[in-house]
Amino acid sequence: MKKVVLILTILASFLCVSNAVYAGTEYSVSFGNWDNPLAGRMKTNTEWNYLSAQYQINHGKKHLGVDLEGYVGKQVYSIERGEIIYIYIDDSSTYNMSNIRIRYYTDDYDSFTVIYGHCEAFSHLKVGDTVRRGEGIGNITDYGIPKHLHFEIKLGSYLSDAWGQMSSNKNPSDYGWVSPEIFLGYNDPS
Ligand SMILES: [Zn+2]
């Protein structure tokens, strides 16, 4: 299999070189320069980070994304031009698991999926639609305290129902998950 290098362009405009391994394949991807999914200052804390140790202590699972603080109804934006591959609308008024998934491509045409969790897609959107970079795709739903967007990234196209967390005895990177913090190039401001 071809060996390639993962290049992360950190928003702070310095380069960081690393390798991402997914199912035996090393992807060549140029990360960075993506729009902020909440179009504002992203805020999190250690429990809400990707693979947070505190999350494992509190929930007994590995957290597969990063939780970005918001409020119910706050608009969520597509980080890049991509194709909607999955929409789930949860009717629950609380603990709402609505999510929308968009497939994007890196500069090297490798696909990856962003799962926008606790996000109810706008009703005019449907699977197969292309959304623009920065286009509003939905609103944050009522889940947890504080309310947040669960932002998760998996290499390839991801349609399985499972998202959000994984058994503590598994390694998410073996299944294609990558760190959204590194992907988006931001630091925990707390
Ligand atoms: Zn989460």
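## Overall composition

The protein chain contains two helices and 17 strands; helices (H or I, at least four residues) and strands (E, at least two) are DSSP runs, numbered from the N terminus. This is a predicted model, in which local features need pLDDT of at least 70, side-chain atom pairs count only at pLDDT 80 or more, and totals for chains, interfaces and linings use all residues. Residues are numbered from 1 along each chain as its sequence is written.

Of the 190 residues of the protein chain, 33% are buried (20 or more other C-beta atoms within 10 Å of the residue's own, with C-beta atoms placed from the backbone). Among contacts (C-beta atoms, placed from the backbone, within 7 Å) with a separation of 6 or more, 64% join residues 24 or more positions apart.

Ile 102 belongs to strand S10, residues 99-105. Ile 102 counts as buried because 26 other C-beta atoms lie within 10 Å.

Beyond its neighbours within four places in sequence, Ile 102 is in contact with Ser 78, Gly 82, Glu 83, Ile 84, Ile 85, Val 114 and Val 131. Val 114 is twelve residues from Ile 102 in sequence, with a C-alpha to C-alpha distance of 5.5 Å.

## A three-stranded sheet

Three strands form an open sheet in the order S8-S14-S12, with antiparallel pairing (two strands pair if DSSP finds at least two bridges between them). Strands S8 (75-77) and S12 (119-121) are the edge strands, each pairing on one side only.

S12 pairs with strand S14 (residues 136-140) in the antiparallel sense over three bridges. Within S14, Gly 138 stands opposite Ala 121.

Conventions: Buried ≥ 20, exposed ≤ 12 C-beta atoms within 10 Å, placed from the backbone. Contact = placed C-beta atoms within 7 Å.
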